[in-house]
Amino acid sequence: AGNSATRSWTYRVGPGGGPSLIVGPPYNWPNPFPNRNDNVTHFVIPIEERIGATVQIKIYDFAGTFVKTVFDGAFRPGMDIIWNATNEGGELVANGVYLAHVRMSAGGHTREDILKVAFSNPK
């Protein structure tokens, strides 16, 4: 009918106001470990952030008892984060399934995941 109205809105999406720089879930390889080449598992942290990203990885046994903090601090893409199947005292852990609590923060966004990590010492 020829009538029109205009109005503008400003939107903020997410706590950082922009796209997340966390591009997927974390994972570890090999799993189970150890394998024939080394006795460690590598954590892959999918963050595109160049500065200001933080990562925390804590290992718990299947009963929920704290085992070790693997990493806690500033993260840069390409860093190699590993767990060598030891506890906080440096002792080798028992065979079994462990839980890795991974907390990633980048670009104002945070993601938390729980990974199952299987350790099998063939000796």
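Glu112 is partly exposed, with a relative accessibility of 46%; here buried means under 20% relative accessible area, exposed over 50%, and partly exposed in between, computed with a 1.4 Å probe on protein chains only. The model is a predicted one, in which local features need pLDDT of at least 70 and side-chain atom pairs count only at pLDDT 80 or more, while totals for chains, interfaces and linings use all residues. Residues are numbered from 1 along each chain as its sequence is written, and side-chain values use heavy atoms, with hydrogens and water left out.

Glu112 forms a salt bridge with Arg103, and the closest N and O atoms of this pair are 3.6 Å apart. A salt bridge is defined as a side-chain nitrogen of Lys or Arg within 4 Å of a carboxyl oxygen of Asp or Glu. Arg103 is also partly exposed, at 36% relative accessible area. By this rule the count comes to 2 salt bridges. Asp113 and Arg111 form a salt bridge with closest N and O atoms 2.7 Å apart. Arg111 is partly exposed at 30% relative accessibility, whereas Asp113 is buried, with a relative accessible area of 15%.

The side chains of Asp113 and Arg111 are also joined by a polar contact of 2.7 Å. A polar contact is a pair of N or O atoms within 3.5 Å; within protein, one must be able to donate a hydrogen and the other to accept it, and residues adjacent in sequence count only if both atoms are side-chain atoms. Asp113 is placed in strand β7, which covers residues 109-119. Strands (E, at least two residues) and helices (H or I, at least four residues) are DSSP runs, numbered from the N terminus. Residues up to four places away in sequence aside, Asp113 touches Pro25, Pro26, Ala100, His101, Val102 and Met104, where contact means heavy atoms within 4.5 Å.

The protein chain contains 0 helices and 7 strands, and its pattern along the sequence is β-β-β-β-β-β-β. An open sheet is formed by 4 strands in the order β4-β3-β6-β7, with antiparallel pairing. Strands β4 and β7 stand at the edges with a single partner strand each, so one side of each has no neighbour in the sheet. From one strand to the next, the twist averages 15°; axes are lines fitted to C-alpha atoms, for helices over the stretch in contact, and angles run from 0 to 180 degrees between N-to-C directions. Two strands are taken to pair if DSSP finds at least two bridges between them. In general, the strands of a sheet pair through backbone hydrogen bonds, either parallel or antiparallel.

Strand β6 (residues 96-106) pairs with β7 in the antiparallel sense over 11 bridges. Within this pairing, Arg111 in β7 is the bridge partner of Met104. Strands β3 and β4 run antiparallel and are joined by 8 bridges. These two strands, β3 and β4, form a hairpin with 4 residues between them, and Gly64 in the turn has a positive phi of about 95°. The bridge partner of Ile59 in β4 is Lys68.

Lys68 lies in strand β4, which spans residues 66-75. Lys68 is buried yet has no salt bridge, the nearest side chain of opposite charge being Glu88, 6.0 Å away. For charge, Lys and Arg count as positive and Asp and Glu as negative, while His and the chain ends are not counted. The side chain of Lys68 does make a polar contact of 2.8 Å with the side chain of Thr86. Beyond the neighbours within four places in sequence, the contacts of Lys68 include Ile57, Lys58, Ile59, Trp83 and Asn84.

Two loop residues are also buried. Ala85 lies in the loop between β5 (81-83) and β6, and is buried at 0% relative accessibility. Although Ala85 is not a glycine, its phi is positive, at about 60°. Ile45 lies in the loop between β2 (41-44) and β3 (53-61), and is buried at 9% relative accessibility. With neighbours within four places in sequence left aside, Ile45 is in contact with Pro26, Val55, Ile57, Phe75, Ile81, Val102 and Met104. The C-alpha atoms of Ile45 and Gly78 are separated by 8.8 Å, and the two residues are 33 residues apart along the chain.

Over the protein chain, buried residues make up 33% of the 123 residues. Of the contacts with a separation of 6 or more, 54% are between residues 24 or more positions apart.
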